[in-house]
Amino acid sequence: MNVKGKYLNPKADLTFKLLFGEHPDLVKSLLNALLPLEAGREIERVEYATPEMIPENPGKKNSIVDVRCHDNQGREFIVEMQLYWSDEFRQRVILNASKAVVKQAGVGEDYSLIQPVYSLNLVNEGLNLGDGVGPDEYYHHYAVVNVEHTDRVLEGFHFVFIDLKKFTPKTIVEKKMAVLWLRFLTEIDEHTQQVPEELLENPETRMALEILEKSAYSDAQLQAYSDFWMALVDERVLREGSYKKGIAEGEAKGMAKGMAKGRAEGRAEAIKENAHKMKDDGMAAALIAKYTGLSIEEIESL
């Protein structure tokens with residue numbers, strides 16, 4: 001399988017899961033860099049969820065990639081890579097976080113032992129949370145808060161959505177590791193000719209780059225990688241086709257409705273004009289009403 005370039009794209013199913021689903025140190029670094037963790041409560045080590053805890057999701061399998069793990073404090077972490085935004089994905093995020101809480105509470109167990117769930121969602125394109133976010137906002141942190149006093153947080157859920165398209169290194173210069181990981185996710189792909197020196201100098205992103213080198217993959221893996229992108233293109237074409245079809249049908253219905261409305265309004269005006277002439281000719285209002293269908297009040301107001 002011929003894949004151009006030295007590196008593969010880290011956002012694909014194969015590469016993302018290999019990077020962050022098989023290398024605890026890398027996912028730990030990513031989570032510490034991008035999640036709103038309190039000082040002194042950074043993640044020390046992680047363990048991955050067992051395969052049976054990860055439900056299959058046949059629908060949208062080509063656009064959603066996820067990794068699940070927990071740390072030594074018991075906190076649950078879900079990392080999702082979403083290439084194209086959809087409202088269904090937002091609902092999936094909430095559902096998966098809820099399931100992570102439920103799985104912590106066995107029958108008869110102490111609910112006070114339930115630990116928070118952090119959901120980190122990396123969105124490559126089209127992020128739309130529907131809450132009027134600014135055009136340059138790329139980082140969105142949601143939690144359960146008091147409506148009147150938003151600084152009062154009810155611990156349990158933390159949702160972070162990152163719009164990769166809006167990220168620029170200058171936005172978070174004070175958090176070096178966050179900048180490095182987001183640069184890694186947005187700047188490295190099949191077309192990369194020269195890797196930024198900062199990514200090579202850092203041991204974690206350098207290790208991630210080594211994992212992405214095309215030469216490390218078998219022909220079967222490269223075929224699966226290419227199939228992933230082809231399936232994604234097909235999915236996008238179908239989605240955009242359905243959208244355009246819906247627009248066209250909506251416009252056609254709107255035009256037909258507008259024409260019908262226009263004809264009805266024109267007919268009503270013509271009836272009133274004829275009634276007006278009948279009235280000017282001295283015809284009785286009752287007789288005009290009989291032939292036009294207008295009420296006596298409408299005729300008298302002409």
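R183 counts as buried, because its relative accessibility is 16%, where buried means under 20% relative accessible area, exposed over 50% and partly exposed in between, with a 1.4 Å probe and protein chains only. The model is a predicted one, in which local features need pLDDT of at least 70 and side-chain atom pairs count only at pLDDT 80 or more, whereas totals for chains, interfaces and linings use all residues. Residues are numbered from 1 along each chain as its sequence is written, and side-chain values use heavy atoms, with hydrogens and water left out.

Helix α4 covers residues 176-187, helices (H or I, at least four residues) and strands (E, at least two) being DSSP runs numbered from the N terminus. Its 12 residues reach 16 Å from the first C-alpha to the last, close to the 16 Å expected at 1.5 Å a residue, the expected span being 1.5 Å times one less than the number of residues.

## Overall make-up

The protein chain holds 9 helices and 6 strands, and of its 302 residues 36% count as buried. Among the contacts (heavy atoms within 4.5 Å) with a separation of 6 or more, 63% are accounted for by residues 24 or more positions apart. The chain exposes about 17700 Å², of which carbon and sulfur atoms supply 54%; accessible areas come from the Shrake-Rupley method with a 1.4 Å probe, and for residues only the protein chains shown count as cover.

## The nonpolar cores

In soluble globular proteins, nonpolar side chains tend to be buried together. A nonpolar core is here a set of buried Ala, Val, Leu, Ile, Met, Phe, Trp, Tyr and Cys residues joined through side-chain atoms within 4.5 Å. The largest such core has 50 residues, of which F20, L120, L122 and F184 touch the most other members, and its largest share, 7 residues, comes from α4. A second, separate core of 13 residues includes F89, V101, L127 and F161.

F20 lies in helix α1 and counts as buried because its relative accessibility is 0%. Leaving aside neighbours within four places in sequence, F20 is in contact with L26, V27, L30, Y48, V67, W181 and L185; of these partners, V67 is 47 residues from F20 in sequence but 6.9 Å away in space, C-alpha to C-alpha.

## Strand pairing around β6

Two strands count as paired if DSSP finds at least two bridges between them. Strand β6 pairs with β4 in the parallel sense over 7 bridges, and V117 stands opposite F157 in β6. Strand β5 (residues 139-145) is joined to β6 by 6 bridges, and these two strands run antiparallel; here H140 stands opposite F161 in β6.

## Salt bridges

Side chains of opposite charge can pair when their charged atoms come close. With a salt bridge taken as a side-chain nitrogen of Lys or Arg within 4 Å of a carboxyl oxygen of Asp or Glu, a search of the whole structure finds 8 of them. One joins the side chains of R183 and E198 at 3.6 Å, N to O, and this pair links distant parts of the chain, with R183 in helix α4 and E198 in helix α5, 15 residues apart. E198, at a relative accessible area of 39%, is partly exposed.

R92 forms a salt bridge with E80, the closest N and O atoms being 3.1 Å apart. R92 lies in helix α3 (residues 87-102) and E80 in strand β3 (residues 76-82), so the pair ties together parts that are 12 residues apart in sequence. Both R92 and E80 are buried, and D66, R68, E80 and R92 are linked in a network of salt bridges.

Within helix α1, D13 and K17 lie 4 residues apart, about one turn of the helix, and their side chains meet in a salt bridge of 3.8 Å, N to O. D13 counts as partly exposed because its relative accessibility is 24%, and K17 is partly exposed with a relative accessible area of 35%.
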